[in-house]
Amino acid sequence: MAKDIQGLGLGLASRFAGSRWAEKYGLRKPAERIAYLSTRAGFKFAGEMMQKRAQKQDSTRGERLPERKPQALFDLSLSEEQQMIRDSVRSYAEEIVRGLAHDADENLQLPDSYLQDAMALGLNLFSVPESLGGAAQSYSPTTSAIIAEELAWGDFTLAYAALAPVGVANALVRWGTQQQQQRWLPLWLAEQPVTAAIALQEPHPLFAPDKLTCSAKSNKQGYVLNGVKTLVPFAGNADLYLVAALLNGKPQLFIVPGDSHGLNFTRSPAMGLRAAASGTLTLDKVQVNVDALLGGEDSDFDYRAFVDLGQLHWCALAIGTCQAALDYLIPYCNEREAFGEPISHRQSVAFMIANIAIELESMRLLTWRAAALAEQGQPFHREAYLAHVLCADKAMEIGTNAVQLLGGHGFTKEHPAERWYRDLRILGCVNSGLHL
């Protein structure tokens with residue numbers, strides 16, 4: 001239903017925005033704005049319609065999005081709906097996100113009303129099932145990866161900040177109980193943007209997601225959490241956190257409200273992700289109730305799949321930023337002259353650009369393949385691991401070469417290459433913190 005209601009209006013507005021008539025009469029930006037708003041309005045209307053039809057469930061198991069049927073043919077062609085979403089998000093990234101990136105990085109904070117404006121894309125509604133008031137019709141990590149790519153084309157950090165709350169919603173939808181979904185998911189349907197983040201990474205050498213030092217112990221009131229998390233966004237102002245901790249020797253996720261007693265945040269600007277205002281989150285005897293354990297005690301929660309999906313999200317962000325670098329380097333090298341000719345005429349430059357394009361396609365194919373397997377309910381750990389290894393290596397290489405190809409300009413803040421280099425370095429350091 002969401003596709004039918006939203007698709008027609010969005011498709012017409014998107015096509016008109018790209019026409020020569022819109023350009024001639026100065027109507028391109030208004031038409032694009034209509035496309036953004038139609039996404040949100042269509043999803044909201046469809047969600048309201050489906051919510052009225054939703055029936056009460058007998059069990060405590062929460063709502064689950066259906067997985068797509070396995071296909072014998074591995075096909076990475078985008079559906080019409082996915083292409084429409086991709087075009088819409090790319091337009092938003094090009095017209096709005098790209099222009100905000102430099103100042104946000106310099107100011108070490110998100111632009112005013114950025115998260116509010118990003119809601120016009122309907123990302124929050126798209127992460128909540130129709131039966132719960134949102135617009136999601138099926139479980140689709142591939143579509144989530146496409147959205148992450150296109151937003152990161154505008155800026156890696158701003159995309160991360162916009163999608164961090166979506167990652168929490170995705171985990172709640174995939175593994176949360178009915179009670180957890182009914183309590184927390186309405187935050188993603190409200191008029192004000194929700195700030196939520198996954199707290200997994202810990203500040204100790206050779207951190208591995210299955211070797212957590214953050215612990216949880218059960219008591220009469222629920223659970224007590226102790227530990228330290230790092231690279232947590234939103235400067236301590238999040239509405240809630242999804243905290244990974246060991247419970248009886250097993251990694252679990254806990255829903256921790258942002259105003260919980262014993263929760264402290266220390267801001268520590270990093271090399272990259274500076275606009276996300278990341279820092280260290282300390283949990284000192286944080287008491288949460290018994291309903292805080294994601295999925296409950298008899299949950300079908302899969303911690304390995306949770307981590308793998310997070311890695312794929314980082315891969316998608318890196319792919320989008322690497323694509324932005326390639327799109328920036330080609331015209332620059334064709335226009336920049338040295339010794340009487342464009343530097344792209346030099347084989348060393350041309351081969352480096354060609355290699356970026358080759359590696360970028362391999363990063364995208366591996367990531368999409370892993371996401372497609374996850375979408376069909378197939379095992380995807382191997383593919384997710386390979387995608388992350390490749391993206392961590394090649395993203396750093398592409399970021400380095402982007403700086404190199406710009407020469408002295410690559411070392412200055414006049415051009416975005418140095419920011420891309422700093423942001424892309426995160427893939428070699430982080431294990432998760434997002435969720436497709």
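A residue counts as buried at under 20% relative accessible area, as exposed at over 50%, and as partly exposed in between, with a 1.4 Å probe and protein chains only as cover. Of the 436 residues of this protein, 55% are buried. The model is a predicted one: local features need pLDDT of at least 70, side-chain atom pairs count only at pLDDT 80 or more, and totals for chains, interfaces and linings use all residues. Residues are numbered from 1 along each chain as its sequence is written, and side-chain values use heavy atoms, with hydrogens and water left out.

Confidence comes next. The pLDDT is the predictor's confidence in each residue, on a scale from 0 to 100. Its mean over the protein is 85, and 82% of the residues reach 70 or more. Residues 1-9 have pLDDT below 50; this stretch still has 24 contacts in the model beyond near neighbours in sequence. Residues 40-58 are also below 50, with 37 such contacts. A contact means heavy atoms within 4.5 Å. Where pLDDT is low, the predicted coordinates should not be read in detail.

Now the overall fold. The secondary structure comes to 13 helices and nine strands. Helices (H or I, at least four residues) and strands (E, at least two) are DSSP runs, numbered from the N terminus. Take the contacts between residues at least 6 apart in sequence: 78% of them join residues at least 24 apart. The accessible surface is about 19,600 Å², and carbon and sulfur atoms account for 53% of it. Accessible areas come from the Shrake-Rupley method with a 1.4 Å probe; for residues, only the protein chains shown count as cover.

Start with strand β4. This strand spans residues 240-247 and is mostly covered, with seven of its eight residues buried. Two strands pair if DSSP finds at least two bridges between them. Strand β1 (residues 196-199) runs parallel to β4, and four bridges join them. Here Ala199 has Val243 of β4 as its bridge partner. Strand β2 (residues 215-218) also pairs with β4 in the parallel sense, over two bridges. Ser215 is partnered by Leu246 of β4. Strand β5 (residues 250-257) pairs with β4 in the antiparallel sense, over eight bridges. Tyr241 stands opposite Val256 in β5. The hairpin of β4 and β5 has two residues between the strands, and Asn248 takes a positive phi near 55° there. In a regular strand the side chains alternate between the two faces of the sheet.

Move on to helix α13. It covers residues 417-424 and is mostly covered, since seven of its eight residues are buried. Is Arg419 buried or exposed? Arg419 counts as buried because its relative accessibility is 6%. Not counting residues up to four places away in sequence, Arg419 touches Ala101, His102, Asp105 and Asp155.

End on helix α12. This helix spans residues 381-405 and holds Tyr385. Tyr385 is exposed, at 52% relative accessible area. With Leu386 and Val389, Tyr385 makes a nonpolar surface patch of about 270 Å². Patches are made of residues with over 30% relative accessible area and no salt bridge; like charges are joined within 9 Å, and nonpolar side chains (Val, Leu, Ile, Met, Phe, Trp, Tyr) within 5 Å. A salt bridge is a side-chain nitrogen of Lys or Arg within 4 Å of a carboxyl oxygen of Asp or Glu.
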